[in-house]
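Hello,

Here is the structure I said I would pass on.

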Amino acid sequence: QVQLVQSGGGLVEPGGSVRLSCAASGTTLSLYDVEWYRQPPGTQHVDQRELVARITGLYDEIYYPDSVKGRLAISRDKIKNACDLQMNSLKPEDTAVYYCKATRISRDFWGQGTQVTVSG
């Protein structure tokens, strides 16, 4: 059974940094495309989640939307069977619940979500 468990996040001041981690069990995460999404405050539907980073499973190709490019960095930790998201120069508008998603052969698995609040 594939399970993704997220850690990290919390309250951080504007301009600060936080690191999120998405650890997998029941499978080898490096085989999967992994994406990080965020759900802004006041939204609930999955369709309202915004993609903020992607790393592909085959060649580890990385993508960021312009809204976060230069501030976020996605990486794999193959020893921990995890995918991390380093978030720097945080802004209040980065406040959201962040989710990781792993995809392979049209099957999706989601982490439980972790709150990041940028305030100070």
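**Salt bridges and the core**

E35, R54, K101 and D108 are joined in a network of salt bridges. Please keep in mind that the model is predicted. Over the whole structure, the search gives 9 salt bridges.

Start with E35 and R54. Their side chains form a salt bridge, with 2.8 Å from N to O. E35 sits in strand 4 and R54 in strand 5, and the two are 19 residues apart, so the pair links distant parts of the chain. E35 is buried, because its relative accessibility is 8% and the cut-off for buried is under 20%. R54, at 28% relative accessibility, counts as partly exposed.

E35 also forms a salt bridge with K101, here at 3.5 Å from N to O. K101 belongs to strand 9 and E35 to strand 4, so this pair ties together parts that are 66 residues apart in sequence. K101 is buried too, with a relative accessible area of 11%.

Another salt bridge joins the side chains of R38 and E50, at 2.9 Å from N to O. R38 is in strand 4 and E50 in strand 5, so the pair ties together parts 12 residues apart in sequence. R38 counts as buried at 7% relative accessibility, whereas E50 is partly exposed, with a relative accessible area of 27%.

Next, the nonpolar core. The largest one has 28 residues. The residues with the most contacts inside this core are L4, L29, W36, I74, L85, M87 and Y98. Which elements give two or more residues to this core? They are strand 3 (18–25), strand 4 (33–39), strand 5 (50–55), strand 7 (72–77), strand 8 (82–87), strand 9 (96–104) and strand 11 (114–118).

Is T117 buried or partly exposed? T117 counts as partly exposed, because its relative accessibility is 26% and buried would need a value under 20%. Apart from neighbours within four places in sequence, T117 is in contact with G10, L11, V12 and T95. Between T117 and L90 there are 9.5 Å in space, C-alpha to C-alpha, and the two are 27 residues apart in sequence.

Regards

How values were computed: Residues numbered from 1 in each chain as written. Predicted model: local features only at pLDDT ≥ 70, side-chain atom pairs only at ≥ 80, totals over all residues. Heavy atoms only, no water. Core = buried A, V, L, I, M, F, W, Y, C linked by side-chain atoms within 4.5 Å. Buried < 20%, exposed > 50% of the residue type's maximum accessible area, 1.4 Å probe, protein only. Helix = DSSP H or I, 4+ residues; strand = E, 2+ residues; numbered from the N terminus. Contact = heavy atoms within 4.5 Å. Salt bridge = Lys/Arg side-chain N within 4 Å of Asp/Glu carboxyl O.
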